[in-house]
Amino acid sequence: MSIIIKGIEVSPGIGIGKVFLYEEIELAEKNSFRVDATFEKNRLLDGRQKAKIQLEEIKNKAYEKFGSEKGAIFDSHITILEDEDLYDEICALIDEGLSAVNALKSGIDIYSKIMANLDDPYLRERASDVKDIGKRWLCNILEIEIVDLSDLPAETVIVAHDLAPSDTAQIDLKNVRAFVTEAGGETSHTSLMARSLELPAVVGTGDIIKTVKNGDNIIVDGLTGIIVIDPTKEEIDEYLNKKEKF
């Protein structure tokens, strides 16, 4: 029997395929009470430089793929990455005895919470961008490979807690049919980029990750925000017809 979930439709269209679960990476390390502050600051700088190089590559691809308006998103990401006030706050935490990883996690958490509490809904959505930048920076410090969404199987529907703009910018449109996220809203950069890609997308689905597994058949209705997990043959035929009409 199929399962129906309702989310927020942010990019129109019908996507039918199989689930690819894009799961969160655990980014943590044990912190000793005595750290070499100079060594940890060098780790921080090295991670930031690697993140900048990656974002420059993503930015160039985004300019080619989306044009200047969406490509400029990554100019702002690089600006946040190189924000000296943020860097100084993280260094101050290192001086207090935290490792580069734990200091960066704390600094990004504080920064994103400030953004999330702003009155302007557009600016509130930027909190997820800050977290995206922090995740990339942390992955580089910890030497963890970031999952590449540009090389996925055919007929894929990505299901994730959240997708950052840098994730969305790399999606291979030949193989990905739609994406679904638990978090997000209509004004998030990820939603804006989904519309630019003309890729069906539904966000704000709560805890859908607990309901699906890799390889499940799934339908994403970006016109109504309806998601059908393990659809019947009749439901697939119905949505194929709806997709053709759209």
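Is leucine 118 buried, partly exposed or exposed, and what is its relative accessible area? In this predicted model, residues are numbered from 1 along each chain as its sequence is written, and local features need a pLDDT of at least 70, while side-chain atom pairs count only at pLDDT 80 or more and totals for chains, interfaces and linings use all residues. Side-chain values use heavy atoms, with hydrogens and water left out.

Leucine 118 is partly exposed, because its relative accessible area is 31%, where buried means under 20% relative accessible area, exposed means over 50%, and partly exposed lies in between (1.4 Å probe, protein chains only). This leucine 118 is found in the loop between helix 4 (100–116) and helix 5 (121–142); helices (H or I, at least four residues) and strands (E, at least two) are DSSP runs, numbered from the N terminus. Together with Tyr122 and Leu123, Leu118 forms a nonpolar patch on the surface, the three having about 240 Å² of accessible area together. Patches are made of residues with over 30% relative accessible area and no salt bridge, like charges being joined within 9 Å and nonpolar side chains (Val, Leu, Ile, Met, Phe, Trp, Tyr) within 5 Å, and accessible areas come from the Shrake-Rupley method with a 1.4 Å probe, only the protein chains shown counting as cover for residues.

The largest pocket has a volume of about 770 Å³. For this analysis, on a 1 Å grid over the protein atoms alone, a pocket is an open set of points where a 1.4 Å probe fits, with protein on both sides within 12 Å along at least five of seven lines, and lining residues have an atom within 4 Å of a point; grid points are joined across faces, edges and corners, and a volume is the space filled by probe spheres set on the points. The lining of the largest pocket comprises 31 residues, of which Glu24, Ser128, Lys131, Asp132 and Lys135 lie nearest its centre. Helix 4, helix 5 and helix 6 each supply at least two residues of this lining, and the largest share, nine residues, comes from helix 5.

Alanine 169, in the loop between helix 6 (165–168) and strand 5 (176–181), counts as buried, because its relative accessibility is 5%. Leaving aside neighbours within four places in sequence, alanine 169 is in contact (heavy atoms within 4.5 Å) with Ile58, Lys65, Phe66, Phe74 and Met193. Residues up to four places away in sequence not being counted, serine 191 touches Val10, Gly185, Glu186 and Val203. The buried residues of helix 7 are His189, Thr190, Ser191, Met193, Ala194 and Leu197, and helix 7 is followed by glutamate 198, whose phi is positive, near 55°.

The structure holds 14 salt bridges, a salt bridge being a side-chain nitrogen of Lys or Arg within 4 Å of a carboxyl oxygen of Asp or Glu. In one of them, the side chains of arginine 177 and glutamate 155 meet at 3.4 Å, N to O. Arginine 177 lies in strand 5 and glutamate 155 in the loop between helix 5 and strand 4 (156–160), so this pair ties together parts that are 22 residues apart in sequence. Arginine 177 is partly exposed, with a relative accessible area of 22%, and glutamate 155 is also partly exposed, at 37%.

In a further salt bridge, between lysine 174 and aspartate 172, the closest N and O atoms are 3.4 Å apart. Here lysine 174 counts as exposed at 63% relative accessibility, whereas aspartate 172 counts as buried at 12%. Lysine 233 forms a salt bridge with aspartate 237, with the closest N and O atoms 2.9 Å apart, and both residues lie in helix 8 (residues 233–245), four residues apart, about one turn of the helix. Lysine 233 is exposed, with a relative accessible area of 60%, while aspartate 237 counts as partly exposed at 38% relative accessibility. Elsewhere, salt bridges that share partners join Glu56, Lys59 and Asp75 into one network.
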